[in-house]
Structures are given as structure tokens and as C-alpha cells.
Amino acid sequence: MFTSPVYLSLKDRQLVITFKDNKDTVTRPIEDIGFVVIENPEVTVSVPVLNELADNNVSVIFCDKKKMPKSMLMTLDGNSTQQESYKYQIDASAPTKKNVWRQLVESKIRNQSLLLHKVGKNGDVLKQYYMNVKSGDADNREGAAAREYWSRLFDDGFKRERDGLPPNNLLNYGYTILRAAVARALICSGLYPAFGVFHRNRYNAFPLADDVMEPYRPFIDEIVYHLYYDGAVSELDNQTKRRLLRVLFSDVKMGKVTRPLENALSMTTASLLKMFKGETDKLTLPILV
């Protein structure tokens, strides 16, 4: 994450970071990088760096003048069998897509329930919503659960609105980072983020990422909850942004194993491709621990 003016160049497949104020230089192996967030408008990046980052499936996120994530650079060729995978994705039947969405919704509400329990609140109130979610979530249990969830996680006066009062700003930033991570995982699995299962909007470039990220949102919510209540944080300073970025390394239970969230996303997207291929009827989904 670059919050000060630097020059980013490439040498021996290493990211070379030169600080503009004192000319000090450090290097980082590009193969160890998953994400680059460029916040400062005075950061200079060479084209060879961008190409090398793309070759290594690194998501490069650019921020706007408000220092909020605005756009993203990703490789157009993240998987060796993309064309075959795209065909399975496009040809997936309506029942398969509805089954995918049902599982995503159920997992999301279960994790919301687990988070409420984790912070000392009554998560059982959400049980009626995650039990027996219908195909395609036909009766919109996701929306009903959300109203109950937000009023209990924060307080009765809180409204989850993009332009609403804090901690909405913290949630927005965290979700944007999570969305970028999901888009990267989808591309690495050979899927195209523009073809959504449930989310559909002509102005949305990554509706599939919005679908798949749903069960992972409570991992952001947990961090924001502790920032807001334990740390009395309501503004997005650099320390807060770094804390939200660390969600990618959160422990996630995937069946009987525990993985960092970034790796868990790859397991979920790989299972989604298998569903599109007809090789399984069950997604590999996260459990909040």
C-alpha cells in the first residue's frame, strides 16, 4: 500500500521502490505480492512493472482523490484454460445458478449469525433465515436477515448505506478490498467476473465477484466492529486501511481445514467452476472462526 510519493520500477523481476523524498530504495519479490494499492497521486509506475504484476496475477488497485479504491488493473489471461471455463460458465443452467445463489446466501447468513455470537450478541435470531433457504433465495431471506443483523451488530439506529454515517465508510473500504480479492480469485480459477449469478447491473463490471463475496462480508464486518467499538475509529486513516487490508490473512475454516482468507477464496472459486462443469453440486464455503 503506497501512501507517499514513490517511483516503482522493475529489476530482475523484483519490484524496486524508490522513495522520492530521500531516494532510498527497497526491493520486494513480485511473486510474493498479491495486491498493490496505490493511494498517493504522486506515485509513478513504469509499464514493465505493471506487466510483470499482471503476469503474476497481482491486483493493482488505484485510489481516487478521496483516497478510496476507484479502479483496478488485472490480467486478461489468468488461467490456461479460460476459454473452456468461460463456456461452462456461460452455459450453466438456471437451476445450477439458483443452487449457487442459495448456498451463498445460506453461508452468508450463517456467518452473520456466528459473528453476532462472537461479539456477545444473540446470533440465534438469524437461524430462522438461514435454515431452509429456497432455491435462488426466492423469498429474499438475505434481505430480511440483513435488517435484523445490522440493527443488532451495531445499534437500532444504524443503516447500512454506501453514503451513510460511520462506520459505513469503513465497511465500504473493506468491501472494496474484498471485492478486488474475489475478482482476482475468479480470474485465477478461469472464471469471468462480468457474468454474475444473481447480481446483474449494466454498470457493474464484476457482478460475479459481488455474488461470491457475500459469505466473506462478515469477515470485514468483524474487523469494522472492533475498530469502531474497541478502538473508537470512525475515520479512514492509513493505520485503519492497513488493518482492513489484513483481512486477506484472516483465518477461515474451510471444512476441516483452516486457511488464510486469500487462499480460501481460491477454494471457493475453484468449487464454483466445478459446479458450472457439473462435477459437484456443492460449493466450498467459509466458516467464521
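This is a predicted model: local features need pLDDT of at least 70, side-chain atom pairs count only at pLDDT 80 or more; totals for chains, interfaces and linings use all residues.

Q: How far apart are the closest N and O atoms of Glu 142 and Lys 108?

A: A salt bridge is assigned when a side-chain nitrogen of Lys or Arg is within 4 Å of a carboxyl oxygen of Asp or Glu. For Glu 142 and Lys 108 the closest N and O atoms are 2.9 Å apart, and the two residues form a salt bridge. Glu 142 belongs to helix α5 and Lys 108 to helix α3 (residues 94-118), so this pair ties together parts that are 34 residues apart in sequence.

Q: Which other residue, in the loop between α7 (207-212) and α8, pairs with Lys 108?

A: That residue is Glu 214; with Lys 108 in helix α3, the pair ties together parts 106 residues apart in sequence. Glu 214 forms a salt bridge with Lys 108, with 2.8 Å between the closest N and O atoms. Glu 214, like Lys 108, is buried.

Q: Which residues are linked with Lys 108 in a network of salt bridges?

A: The network links Lys 108, Glu 142, Glu 214 and Arg 217.

Q: How many salt bridges does a search of the whole structure find?

A: The search finds 13 salt bridges. One of them joins Arg 184 and Glu 262, whose closest N and O atoms are 2.9 Å apart. This pair links distant parts of the chain, with Arg 184 in helix α6 and Glu 262 in helix α10 (residues 261-277), 78 residues apart.

Q: Are Arg 184 and Glu 262 buried or exposed?

A: A residue is called buried when its relative accessible area is under 20%. Arg 184 has 17% relative accessibility and therefore counts as buried. Glu 262 has 18% and is therefore buried too.

Q: Which residues form a nonpolar patch on the surface?

A: Ile 90, Tyr 192 and Phe 195 form it, and together they have about 280 Å² of accessible area. Tyr 192 lies in the loop between α6 and α7. At 36% relative accessibility, Tyr 192 counts as partly exposed.

Q: Is Leu 191 buried or exposed?

A: Leu 191 also has its place in the loop between α6 and α7. Its relative accessibility is 0%, so Leu 191 counts as buried. From C-alpha to C-alpha, Leu 191 is 9.0 Å from Leu 208 in space, while the two are 17 residues apart in sequence.

Q: Where do Asn 57, Ala 232 and Pro 167 lie?

A: Asn 57 is in the loop between α1 (47-55) and β6, and it is buried, with a relative accessible area of 19%. Ala 232 is in the loop between α8 (217-229) and α9 (238-245); with a relative accessible area of 66%, Ala 232 is exposed. Pro 167 is in the loop between α5 (141-153) and α6 (168-188).

Q: How many helices and strands does the protein chain have?

A: The secondary structure comes to ten helices and ten strands. The radius of gyration of the chain is 20 Å, close to the 19 Å that the globule rule gives for 289 residues, so the chain is as compact as a globular protein of that length. Its C-alpha trace spans about 60 × 50 × 40 Å along the principal axes. Of the 289 residues, 51% are buried.

Technical notes: Residues are numbered from 1 along each chain as its sequence is written. Side-chain values use heavy atoms; hydrogens and water are left out. Helices (H or I, at least four residues) and strands (E, at least two) are DSSP runs, numbered from the N terminus. The radius of gyration is taken over C-alpha atoms; the globule rule is 2.2 Å times the number of residues to the power 0.38. Buried means under 20% relative accessible area, exposed over 50%, partly exposed in between (1.4 Å probe, protein chains only). Patches are made of residues with over 30% relative accessible area and no salt bridge: like charges are joined within 9 Å, nonpolar side chains (Val, Leu, Ile, Met, Phe, Trp, Tyr) within 5 Å. Accessible areas come from the Shrake-Rupley method with a 1.4 Å probe; for residues, only the protein chains shown count as cover.
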